[in-house]
Amino acid sequence: MSKEAKTNAMRMLERAKISYTSHEYPHEEGSAVDGATVAQLTGQDPARVFKTLVTQGADKNYYVFVVPVLAELDLKKAARSVGVKSVAMIHVADINKVTGYIRGGCSPVGMKKQFVTVFDESCLNQSTILVSGGRIGTQIECAPADLVRASRGSTAAITKAVE
């Protein structure tokens with residue numbers, strides 16, 4: 001493997017002329033690493049590290065939500081943000097079939113189909129954020145506005161209030 005094998009997410013950002021920084025972290029081959037651990041392994045504030053969650057709406061369409069790794073997606077707020085009655089997380093076994101990515105390596109950029117994508121509005125408080133680079137062990141960092149644009153996404157308040 002070359003020093004840095006490009007992922008679909010990286011190729012899409014480059015095509016869109018969006019600059020990014022790639023971060024690698026140690027992992028066991030094929031084993032997903034939780035977001036808090038990814039933040040720790042990359043030396044990042046967890047508020048800047050975002051996870052990509054895939055849901056299916058009551059309308060049977062798929063929706064992608066991108067939230068800070070320590071936050072929890074509020075399914076009601078998420079559904080409202082995309083204008084459907086409800087959304088539910090898809091089964092882990094379906095992630096590859098739906099997105100082309102595997103669990104732990106799902107990026108909001110470069111999925112095999114373009115899905116409605118919503119980033120938690122807290123991303124706009126950061127100069128840069130990190131999301132999966134499209135495979136386990138790789139994160140990509142760039143300006144939130146660039147990631148939102150690259151995924152043809154939007155922003156909304158979609159996380160649960162911290163208790």
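Student: Which residues of α1 are called buried?
Tutor: Ala9, Met10 and Leu13 are the buried residues of α1. Buried means under 20% relative accessible area, exposed over 50% and partly exposed in between, with a 1.4 Å probe and protein chains only. The model is predicted: local features need pLDDT of at least 70, side-chain atom pairs count only at pLDDT 80 or more, and totals for chains, interfaces and linings use all residues. Residues are numbered from 1 along each chain as its sequence is written, and side-chain values use heavy atoms, without hydrogens and water.

Student: What puts the buried residues of α1 on the same side?
Tutor: Ala9, Met10 and Leu13 cover an arc of only 100° around the axis, so they lie on the same side of α1. The arc is that of the directions from the helix axis to the C-beta atoms. Their cover includes β1 (21-24), β7 and α5.

Student: How do you know that Cys123 is in no disulfide?
Tutor: A disulfide is a pair of cysteine sulfur atoms within 2.5 Å. For Cys123 the nearest cysteine sulfur, that of Cys142, is 10 Å away, and Cys123 is in no disulfide. The count by this rule is 0 disulfides.

Student: Why is Cys123 called buried?
Tutor: Because its relative accessibility is 0%, Cys123 counts as buried. Cys142 counts as buried because its value is 3%.

Conventions:
Helices (H or I, at least four residues) and strands (E, at least two) are DSSP runs, numbered from the N terminus. Contact means heavy atoms within 4.5 Å.
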